[in-house]
Amino acid sequence: MGEELKAGCARPTGGPVGQDRDAATENKPLDDKKEERKMVMVGRKAPDFTAPGYHKGKFVEIRLSEYLGKWTLLCFYPGDFTFV
Amino acid sequence: MEILSISIDSMFVHKMWNDHELSKMVSGGIPFPMLSDAGGRVGKVYGVYDEDAGVETRGRFIIDPDGVIQGYEVLTPPVGRNVSETIRQIQAFQLVRETKGAEATPSGWKPGKMTLKPGADLVGKVWEQWKTEMAFD
């Protein structure tokens with residue numbers, strides 16, 4: 001899954017896709033209504049995003065919505081080469 | 001079941017970590033995509049980006065085939081996850097989805113244990129079916 005990326009010196013970035021994009025990329029204060037809509041909650045849609053990554057020898061660009069139709073486990077962690 | 005891991009490290013560092021350390025723990029290397037969220041923009045939306053430390057906390061989200069978050073857990077960095085518990089939760093959510101909500105999994109449920117069938121007949125009668133010992137392994 002995902003599109004292969006060429007590895008260059010320009011570092012590829014991803015980020016939220018769609019409605020969440022503006023709020024997440026700019027540091028402007030949100031009004032209460034917007035904040036409520038954006039909150040991650042069980043029973044609500046997982047915010048879509050794109051991100052570059054490494055997968056079995058290749059660099060790829062992944063979009064979460066490509067995984068619709070499948071059970072997906074999304075795991076954040078503090079950092080590579082840390083201990084736990 | 002698909003897995004995606006994500007941290008603020010670049011995809012190049014992911015490659016180095018896989019090639020030099022993780023492939024020594026997991027034969028063949030990491031089988032799922034290791035995503036890069038430099039800047040923590042995705043982590044911010046998911047509420048797991050720690051701005052002071054500049055890293056993402058240990059957040060784990062179970063997302064169903066409709067893209068809906070069914071469960072999540074977030075830990076501070078020094079404590080690792082319990083993979084068996086994550087698998088148990090996924091099995092429970094899958095059972096509920098397969099039965100279209102006709103069955104629910106009480107505390108301590110794992111595959112093979114009894115489920116509850118919510119309905120008018122069960123109101124006030126859970127105590128007859130579910131015993132406190134069943135909360136434990």
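How many residues apart in helix H1 of chain B are B:Lys15 and B:Asp19? They sit 4 residues apart in H1 (residues 11-25), so about one helical turn separates them.

## Before you look

This is a predicted model, where local features need pLDDT of at least 70, side-chain atom pairs count only at pLDDT 80 or more, and totals for chains, interfaces and linings use all residues. Residues are numbered from 1 along each chain as its sequence is written, chains are lettered from A and ligands numbered from 1 in the order in which they are written, and side-chain values use heavy atoms, with hydrogens and water left out.

## The pair in helix H1

B:Lys15 and B:Asp19 form a salt bridge, with their closest N and O atoms 2.6 Å apart. (A salt bridge here is a side-chain nitrogen of Lys or Arg within 4 Å of a carboxyl oxygen of Asp or Glu; helices are DSSP runs of H or I with at least four residues, strands are E runs of at least two, and both are numbered from the N terminus.) B:Lys15 is partly exposed at 26% relative accessible area, and B:Asp19 is partly exposed at 30%. (Buried means under 20%, exposed over 50% and partly exposed in between, using a 1.4 Å probe and protein chains only.)

## Salt bridges across the sequence

The structure holds 7 salt bridges over all chains. In one of them, B:Arg97 meets B:Asp64, the closest N and O atoms being 3.6 Å apart. B:Arg97 belongs to helix H3 (residues 83-98) and B:Asp64 to the loop between S5 and strand S6 (69-75) of chain B, so the pair ties together parts 33 residues apart in sequence. B:Arg97 is partly exposed at 35%, while B:Asp64 is buried at 5%.

Then there's B:Lys110 with B:Asp137, again a salt bridge, with closest N and O atoms 3.6 Å apart. B:Lys110 is in the loop between H3 and helix H4 (126-129) of chain B and B:Asp137 in the segment after H4, so this pair links parts 27 residues apart.

## The nonpolar cores

Now for the greasy side. The largest nonpolar core has 20 residues, and A:Phe49, A:Leu74, A:Phe76, B:Tyr46 and B:Phe61 touch the most other members. (Such a core is a set of buried Ala, Val, Leu, Ile, Met, Phe, Trp, Tyr and Cys residues joined through side-chain atoms within 4.5 Å.) Elements that each supply at least two of its residues include strand S3 (49-55) of chain A and helix H2 (41-45) of chain B.

A second, separate core of 8 residues includes A:Phe59, A:Tyr77, B:Leu22 and B:Ile30.
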